[in-house]
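Please look over the chain below before reading on. The notes that follow are in numbered points.

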Amino acid sequence: MNSTVAEADGSRGVFLPDSTLPDAAPRGADAFRRGWETHIGDDVFKLPAYSPDTAADFRVKGRVAKVRGAAIADLHAASATRTADAPGGDQDLVEMYVVRHGAWTLGGPPDRGERTVSAGQFLLRHAGRQSAFETAPHIRAQFFVLPSAMLKPLLGNRIITGPVDAAETRLLTAFADMIHTTVADLGPAGVEAAHSTLIELTKAVARGRFDDVEPRLAPALAQAARNLVDSRLADPELSPAMLARELHTSARTLQRAFSVTGEPLTAYIRRRRLQEARLALTAPSGRLSISELAAHWQFADGSHFTRAFKKYYGRTPSEYVRSTGTDPDAPNRP
């Protein structure tokens, strides 16, 4: 179990659990609890007791971060987990579950029953009491714990569910990834900004829309756009207009968010396509010719691709491939 970084004033913390190593599982639940209490703290979220079978086989890997009164966890659990019983203690938190693989079943008040968050779904709710839960083996999910003061009036007693690829959810999870990679280096102002942005993005999930003039959302919007670009690089429809539609914003707002990074959105798309094309040029098998690569990565023709490649890498595709000892115009197909 690897744990790092705890701010002296408790405003931030980083916790990297890993009980998937050999012989770690029998002690994994206790180590997870100690790491959570040390780096995240009971003031944010108090872990319930786990069932004996869960504690005996606790194989969980991931990353957890705290920014002020919020915690975000990105967890992969090879083993099933479940609470020992219904905890029932009072709390006042907003919880969000984003399940990528597997399923997370949440207990609820007797009149509302259990809720199962299946793969590809999220659930957002205010929790006034601790509740039992159970996760399927091999779950991959994100778990958000947020203070209720600014969110409870918006949520009330509603339980909000939807697909993980909803635009607002993509923005929130993209920003959570940014926090995980930067929280160890954040100063007080950065911690405050990260906390405020988490709240604003969760409001967007609750409303099904976000305030596209809110400047704190620009980094998350730019990151969500990058994630979407990387998953659609070969799509001939890929454009700022298409990305704006997917992210439920205007093309102007998206371009403005990207301008903060110093690289226009269209330049990012071109750069990523060239990077993937360069890798494909020297692929050990199934290599495409230059003209085929140009078509695959949505360049007008081989000449256009060659000019763009040379401008970015300082040599033509043929010159680049010759430097690696392979022939760009003799694709090696099975």
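1. In strand E8, Thr116 is the bridge partner of Thr105. Strands (E, at least two residues) and helices (H or I, at least four) are DSSP runs, numbered from the N terminus. The model is a predicted one: local features need pLDDT of at least 70, side-chain atom pairs count only at pLDDT 80 or more, and totals for chains, interfaces and linings use all residues. Residues are numbered from 1 along each chain as its sequence is written, and side-chain values use heavy atoms, with hydrogens and water left out.

2. Strand E7 (residues 103–106) pairs with E8 in the antiparallel sense, over four bridges. Two strands count as paired if DSSP finds at least two bridges between them. Both belong to an open sheet of four strands, in the order E5-E10-E7-E8, with antiparallel pairing. Which strands are at the edge? They are E5 (81–82) and E8 (115–118), each of which pairs on one side only. Strands of a sheet pair through backbone hydrogen bonds, either parallel or antiparallel.

3. In total the chain has twelve helices and twelve strands. Of its 334 residues, 47% count as buried, where buried means under 20% relative accessible area, exposed over 50%, and partly exposed in between (1.4 Å probe, protein chains only). Among contacts with a separation of 6 or more, 71% are between residues 24 or more positions apart; a contact means heavy atoms within 4.5 Å.

4. The largest nonpolar core has 64 residues, and Leu124, Ile179, Leu198 and Phe305 have the most contacts inside it. Such a core is a set of buried Ala, Val, Leu, Ile, Met, Phe, Trp, Tyr and Cys residues joined through side-chain atoms within 4.5 Å. Helix H6 (residues 218–231) gives the most to this core, with eight residues. Apart from this core lies another, of 28 residues, including Phe45, Val64, Ala71 and Ala141. In soluble globular proteins, nonpolar side chains tend to be buried together.

5. What does Leu198 touch, leaving aside its neighbours within four places in sequence? Its contacts are Val67, Ala70, Ile72, Phe144, Leu146, Leu172, Phe175 and Ile179.

6. Leu75 is in strand E4 (residues 70–77). Is Leu75 buried or exposed? Leu75 is buried, because its relative accessible area is 15%. Leaving aside neighbours within four places in sequence, the contacts of Leu75 include Pro17, Phe32, Val60, Val64, Ile139 and Ala141. The C-alpha atoms of Leu75 and Val99, 24 residues apart along the chain, are separated by 9.9 Å.
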